[in-house]
Amino acid sequence: MDVCAQAPVSVEEPQTGRLGIVMSLDVRLVLIVMGLALGIRWWHFATTEVTSRDSIHYIRMAWDISQGRVIHAIRISELHPGYPFWICAVDTVVGPLMPGSLAERYQRSSQVASIIASVALVPVAYMLSRQMFSSWGAFRGCLFIQVLPAMARLFADGLSEALFLLLVMSSMLFGYIALRGQKLWPYALCGLSGGMAYLVRPEGALFPVAFGVVLFGMTMQRAGAPWLRPAAALALGFLIMAVPFVAIVGKLTSKPTANRVLTADSVSAPVPPDSPLIASWFTSSSHGMGREAWALWIFLGMLARGTLFVRWLPALLTLIFCRNHVWTQPGTIAVVIACTGLEVLLHRVDATMGCLSDRHMIVLVAFAA
């Protein structure tokens with residue numbers, strides 16, 4: 001079945017005629033992917049003995065927050081507080097059910113927090129895909145997001161990627177709906193979910209900004225089109241989330257990497273003794289390439305590896321041959337703008353820090369899927 005054969009279904013303008021059959025198919029496909037995702041996550045959860053090293057920092061911050069030291073935890077931490085807050089919320093419910101020591105309890109709670117976010121991602125990603133493609137096209141895209149090794153390994157770990165991707169795709173979805181209609185609530189929710197993504201990772205701010213840029217462009221194209229109220233709703237939704245964090249830390253981000261990129265302060269990231277295959281470091285033996293050339297080479301290699309080396313090609317062909325279904329959507333243009341901005345930022349991180357991980361590529365890999 002051609003993934004581009006069926007027009008996207010708007011959540012604001014229900015179709016008539018065969019809507020019941022189409023929606024029933026959509027629900028069935030979403031439930032299939034959710035069941036598969038839950039099975040994969042449960043297997044990882046049951047077989048994990050130790051979570052990744054970075055999860056320790058999230059758990060420590062979550063513990064401080066749970067003890068009432070919220071402001072102190074945000075100020076001294078080098079992390080954004082969104083994911084630790086989510087760990088606290090999940091631990092309140094499932095923590096007392098976890099056996100073992102307090103450390104083991106928080107490890108398990110952090111994993112459950114990621115698992116919940118990864119399963120909740122399925123209907124959001126599906127509805128986002130349905131803005132452009134048919135039911136089966138959306139099904140395949142969501143399926144790849146859940147089973148690609150770059151995703152599956154992270155979605156059951158005590159890391160922020162699952163929650164971040166859920167919030168970013170929520171911002172994309174509401175942005176698609178907003179740019180297609182005249183209602184204010186999708187703009188507000190696009191900004192709100194983008195602000196929540198920013199509280200997880202600083203690059204989350206790119207997506208509401210990109211939709212704001214497209215809104216401005218549409219206003220310039222259509223003389224007299226209303227823009228002030230939609231722009232205000234978008235900005236207000238984002239600022240409600242972002243301003244308290246910025247006021248506490250006194251800067252746009254508390255992450256050292258982001259601040260070094262902003263100041264172009266090049267450093268050499270330390271290479272761990274047992275370097276995993278999921279990250280690359282710039283060293284004196286990097287084939288004689290300079291930082292900029294090496295950064296571009298590693299970025300492209302990480303993107304190819306994240307898409308199993310071949311999935312990037314059908315993604316590119318879809319953008320070309322399904323252009324009547326894809327590029328006619330203002331939301332697609334906004335997402336491409338945001339992803340392009342993310343690519344530039346990742347290249348600067350790569351060149352400045354001399355290090356790039358597949359964790360950084362998760363949004364681009366998901367969009368390719």
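# Notebook: loop, helices and salt bridges

I started at F309, which I found in the loop between helix 13 and helix 14, where helices are DSSP runs of H or I with at least four residues, strands being E runs of at least two, both numbered from the N terminus. Before going further I noted that this is a predicted model, in which local features need pLDDT of at least 70 and side-chain atom pairs count only at pLDDT 80 or more, whereas totals for chains, interfaces and linings use all residues. Residues are numbered from 1 along each chain as its sequence is written, and side-chain values use heavy atoms, with hydrogens and water left out.

I looked up the backbone of F309 and found a positive phi of about 70°, although F309 is not a glycine. F309 counts as exposed, at 54% relative accessibility; here buried means under 20% relative accessible area, exposed over 50%, and partly exposed in between, with a 1.4 Å probe and protein chains only. I then turned to L308, which sits in the loop between helix 13 (291-306) and helix 14 and has a positive phi of about 60° while not being a glycine either. L308 is partly exposed, with a relative accessible area of 42%.

I listed the residues that make a nonpolar surface patch of about 580 Å², namely W312, L313, L316, L317, I320 and F321. Patches are made of residues with over 30% relative accessible area and no salt bridge, like charges being joined within 9 Å and nonpolar side chains (Val, Leu, Ile, Met, Phe, Trp, Tyr) within 5 Å. The areas come from the Shrake-Rupley method with a 1.4 Å probe, and for residues only the protein chains shown count as cover.

**Salt bridges**

I searched the whole structure for salt bridges and found eight, a salt bridge being a side-chain nitrogen of Lys or Arg within 4 Å of a carboxyl oxygen of Asp or Glu. One of them joins R69 to D64, with the closest N and O atoms 2.8 Å apart. In that pair R69 is partly exposed, with a relative accessible area of 36%, whereas D64 counts as buried at 14%.

I next examined R105 and D91, whose side chains meet in a salt bridge at 2.8 Å, N to O. This pair links distant parts of the chain, with R105 in helix 5 (residues 102-130) and D91 in helix 4 (residues 82-94), 14 residues apart. R105 is partly exposed, its relative accessible area being 23%, while D91 counts as buried at 3% relative accessibility.

R201 and E203 also meet through their side chains in a salt bridge (2.8 Å, N to O), and I noted that both R201 and E203 are buried.

**Helix 9 against helix 11**

How do helix 9 and helix 11 lie against each other? Helix 9 (residues 185-200) and helix 11 (residues 228-249) pack at an angle of about 25°, with their axes 7 Å apart, where axes are lines fitted to C-alpha atoms, for helices over the stretch in contact, and angles run from 0 to 180 degrees between N-to-C directions. Helix 9 and helix 11 are therefore roughly parallel to each other; angles under 35 degrees count as roughly parallel, over 145 as roughly antiparallel, 65 to 115 as roughly perpendicular, and the rest as oblique. I recorded the crossing of helix 9 and helix 11 as right-handed, the near helix being turned clockwise from the far one by less than a right angle, with anticlockwise giving left-handed.

**C-alpha pairs apart in sequence**

I looked up K183 in the loop between helix 8 (161-180) and helix 9, where K183 is partly exposed with a relative accessible area of 46%. K183 and R229 are 46 residues apart in sequence, and their C-alpha atoms are 9.7 Å apart in space.

In helix 2 (residues 54-66) I checked A62, which counts as buried at 0% relative accessibility. The C-alpha atoms of A62 and Y106 are separated by 8.6 Å, the residues being 44 apart along the chain.

My last entry is W136, in helix 6 (residues 135-147), partly exposed with a relative accessible area of 31%. W136 and D26 lie 110 residues apart in sequence and 8.7 Å apart in space, C-alpha to C-alpha.
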